[in-house]
Amino acid sequence: MIAAADALEGGFTEAPIQSARAFREILEAMARPGTIRQVQGARPPEPLSIAAGTALLVLADPTTRLHLAGRADCAPVRDWVAFHIGAPLTPAEEADFAVGTWEALHPVSRFRIGQPDYPDRSATLIVEVDRLVNHGPCLTGPGIETATWLNLPETATFRANRALFPLGFDTLFTAGDRIAGLPRSTRVEAI
Amino acid sequence: MSDLGSQGDYTFAYLDEQTKRMIRRAILKGIAIPGYQVPFASREMPMPYGWGTGGVQVTAACLTPEDRLKVIDQGADDTTNAVSIRRFFQRTAGVAVTEATTEATVIQTRHRIPETPLREGQVLVYQVPIPEPLRFLEPRETETRKMHELEEYGLMHVKLYEDIARHGQIATSYAYPVKIEGRYVMDPSPIPKFDNPKLSGNPAIQLFGAGREQRIYALPPWTEAVSLDFEDHPFTASKAPHDCDLCGARDSYLDEVITDDAGRRMFVCSDTDFCAGRRAKGHTGRLGDPA
């Protein structure tokens, strides 16, 4: 129970305002794939980043199923999620949200990609990365005027995901307090 | 309670956090699948359906304290619907408001896209009465959902063709259907088809909220929206063949105003901010006083 006391810390102190500001950054990140935005408000336990914790506080709640992958699936994170978010923890196949490193989330083909008549019933992956820079694979598609670049962990999986459109999972990349979005609609090319 | 500008006892932007999270998830899925209508659990709002409850809920989920809000109804900032919604957010969110398109960061609109080009960082929220473009052709939701699934949009082209057969041209003049990135056919809300070209390649984020019908959909910036047409009957963005009588603008969408019972009338810009801005710069039309 001593460990659980720490779980009471690190949530929003002023939820309506902090979640509003963070959501606008996440909206801009998802609507303009490849742009790197800054979010703040959450102080989640290790190994979750500020950005991943903030995204979970903004988007997840008791009505969304959450999958903790790899190192993220530890007692402090589970306690923190239980107190601040209340999302039921589920296996990858059933999750609305999943958080972890790219290696821990693999194989990502486990995640829900929606149904042909309800493509929105798909998972959103929150992928923890070491850093985010606008260098790497080339991104084009909705939300991008001409082309942009982002240091994705790989390209083949995202190309396969794009080929499923309008089905597919959507991705948020988080590093520290930085966040970037990669919706299923984005075309990815290795350069 | 009448203390305008204070948040009083409301949470920021009226809606509770649980509701906002639900709406925000729907918005993000809408952004990820441009043109697809995401179901959401629309709430009762303190205004009747048909007054923009869908747009109000989307705006409430997007607003931050730093935003500057503009609300327009058919292009006008000073009509009942626009004034009511603007006051609603002044009271419940305490946000700054403006009538200037260039100063606004969030613009909620009923049935127009501002004449002044939008820019990055702006969010345009549309109030949508009937989000389903196929609804008047096929009343069953189960069927229209399947038609979207299968990209079965032939019926829409038949409807436009029947327009041509009956009227010699495509008579649909508002809520003109668009195809988004070659996939989903979308209702752009009842904007005049004059505004359709502004949907495509717009640097702002465009969000659509239908409260009664419980749907949210979205266009990310720089998204392609093609108005449906035929090779021999290409789409044209039409407007009344006049100049604005107040500011003399030739390229803005016009409202027709009956001025007496002898049949006299005038045409004025539907976008009041655009018209006032032009008059302030010294442009005058047939009936306009120099400002």
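Q: Two strands pair if DSSP finds at least two bridges between them. In this predicted model, what makes strand E1 (residues 36-38) of chain A and E10(A) a pair?

A: Count the bridges: three join E1(A) to E10(A), and the two strands run antiparallel. The rule asks for at least two, so E1(A) and E10(A) pair. To see them side by side, find A:Arg37, which stands opposite A:Ile179 in E10(A).

Q: How do you know that strand E9 (residues 170-175) of chain A pairs with E10(A) too?

A: Here five bridges join the strands, again antiparallel.

Q: What lies between E9(A) and E10(A)?

A: Two residues separate them, and the strands form a hairpin. In the turn, A:Gly176 has a positive phi of about 60°.

Q: Why is strand E10 (residues 178-182) of chain A called mostly covered?

A: A residue is buried if 20 or more other C-beta atoms lie within 10 Å of its own. Five of the five residues in E10(A) are buried, so the strand is mostly covered.

Q: Which residues of E10(A) lie on one side, and which on the other?

A: In a regular strand the side chains alternate between the two faces of the sheet. On one side of E10(A) are A:Arg178, A:Ala180 and A:Leu182, while A:Ile179 and A:Gly181 are on the other. Both faces are covered.

Q: How do you know where the buried residues of helix H4 (residues 75-84) of chain A sit around the axis?

A: The buried residues are A:Val77, A:Trp80, A:Val81 and A:His84. They cover an arc of only 95° around the axis, so they are on the same side of H4(A). An α-helix has 3.6 residues a turn, so residues three or four places apart point the same way. What covers the buried residues of H4(A) includes H3 and strand E2 (66-68) of chain A.

Q: What makes the radius of gyration of chain B agree with that of a compact globule?

A: With 291 residues, a compact globule would have a value near 19 Å, and chain B has 20 Å, so the two agree. Buried residues make up 49% of chain B, which has seven helices and twelve strands.

Q: How many residues of chain A are in contact with chain B?

A: On the chain A side there are 28, meeting 32 residues of chain B. The largest share of the chain A side, eleven residues, comes from H2(A).

Note on methods: Residues numbered from 1 in each chain as written. Chains lettered and ligands numbered in written order. Predicted model: local features only at pLDDT ≥ 70, side-chain atom pairs only at ≥ 80, totals over all residues. Contact = placed C-beta atoms within 7 Å. Helix = DSSP H or I, 4+ residues; strand = E, 2+ residues; numbered from the N terminus. Rg over C-alpha atoms; globule rule 2.2 N^0.38 Å. Buried ≥ 20, exposed ≤ 12 C-beta atoms within 10 Å, placed from the backbone. Arc of directions from axis to C-beta.
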